[in-house]
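Let's take a look at how side chains pack inside a protein. Have the viewer ready and follow along.

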Amino acid sequence: MDVMNLGLSALATISVLAVVPLLALLQQRLAGHSMSGLWPGIVLSAGLGGLVALAFWASGVSGIPALIAGPITGLGALFASVATSPLRYHSRLVQGLFSAISTGLVFLPASVAVFGSAFDFLFTSAGLIDLGASLPEFVAAGSVGIGAFVFQRRSEVTTVRMRWWPVVSLIAALWFAWIGWLVGLELAIDDSTSTIVLNAILMPVVGVIAGLAVERIRHRSTTPRGLALGFLGGAIAAAATCAFLEPTLAVITAMIAGGLSTLLTPSSRGAGAKAILATALIAGGSSLLLLGFFAKDLAFIYTGQPEVFFGQLAAVAASAVLGFLVGATLWWLLRRLDGSQRSLPRR
């Protein structure tokens, strides 16, 4: 462990923590709601998620290296912020309990699959291929949040007229933090660094193009919502894949993730939390599966063997099912404690 390793670990930690408020702001922007009164709940949820993740690492049972202590704390905070996003207008007690319990039950096993050495489905010795912890951050967190929506009684839909500049500025800040996250999690400056940087820049751009194209074909319009969902689709795809794909295959992966994210997410104007959660699940899951076909020197097109794909599929399916069941069950139980639900604000 040298100064360079520590510096990159710190870069990853700071960058992931920067994504937490930026993604929350973008989510509220898509929903057409202000952030008034929401920051304490977001800080509470993210803080508890980070503490649970750090305590798990400190226990020594995870097998996660010391250099990952900072990043896994930040990743736990981001997971909790995303997973609890459907509950931002509910009591702090419900938000806190949902955050801590879902982090413990869903984020921790998914993060061990990424950073530990235990997961090697079908004994390929490749383990799970996932540079930026897309499995816990997007597949698992998205599934938890969607599970919570099952028992929600309210609608997110409002009349939203988004302006381009606020969305573009948030995306620019997210993009910058995202690159720092992925470069930092490599924990070394090596031959893969240039590939990571190139793909982390390229894939969100391709995602935007795909998202806007799908929106134009589907709705005959081009809106900031299509820009945001396309960007997130490409960026989430980059989180998992950017170190393992040749640029041509990275473009194909980002195009699929960005297009699917815009096509399959809720189309209702104002569906902010649902849109982000659906994008997280769709883009995260599809990119992890595509790694089973495209990952350099490991996947099907290079070896002709399907084991890596089936390993990726098993991880995605297990995280999605576990996340959904935990999210739905937790909200079904915790809603009885909620005595202070607020109505949704209008812009």
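Predicted model: local features only at pLDDT ≥ 70, side-chain atom pairs only at ≥ 80, totals over all residues.

Here is a quick tour of the nonpolar cores and the aromatic rings.

Residues are numbered from 1 along each chain as its sequence is written, and side-chain values use heavy atoms, with hydrogens and water left out.

**Cores**
- The largest nonpolar core has 100 residues, and Leu135, Trp178, Trp181 and Leu182 touch the most other members.
- A nonpolar core is a set of buried Ala, Val, Leu, Ile, Met, Phe, Trp, Tyr and Cys residues joined through side-chain atoms within 4.5 Å.
- Buried means under 20% relative accessible area, exposed over 50%, and partly exposed in between (1.4 Å probe, protein chains only).
- Looking past neighbours within four places in sequence, Leu182 is in contact (heavy atoms within 4.5 Å) with residues including Leu131, Ile196 and Cys242.

**Aromatic rings**
- There are eight aromatic pairs in the structure.
- Rings of Phe, Tyr and Trp (its six-membered ring) pair if their centres lie within 6.5 Å; planes under 30 degrees apart count as stacked, over 60 as edge-to-face and the rest as tilted.
- Phe79 and Phe107 make a tilted pair, because their planes sit at 45°, with ring centres 5.5 Å apart.
- Both Phe79 and Phe107 are buried.
- Phe293 and Phe309 are tilted too, since their planes are at 40°, with centres 4.7 Å apart.
- Phe293 is partly exposed at 32% relative accessible area, while Phe309 is buried at 17%.
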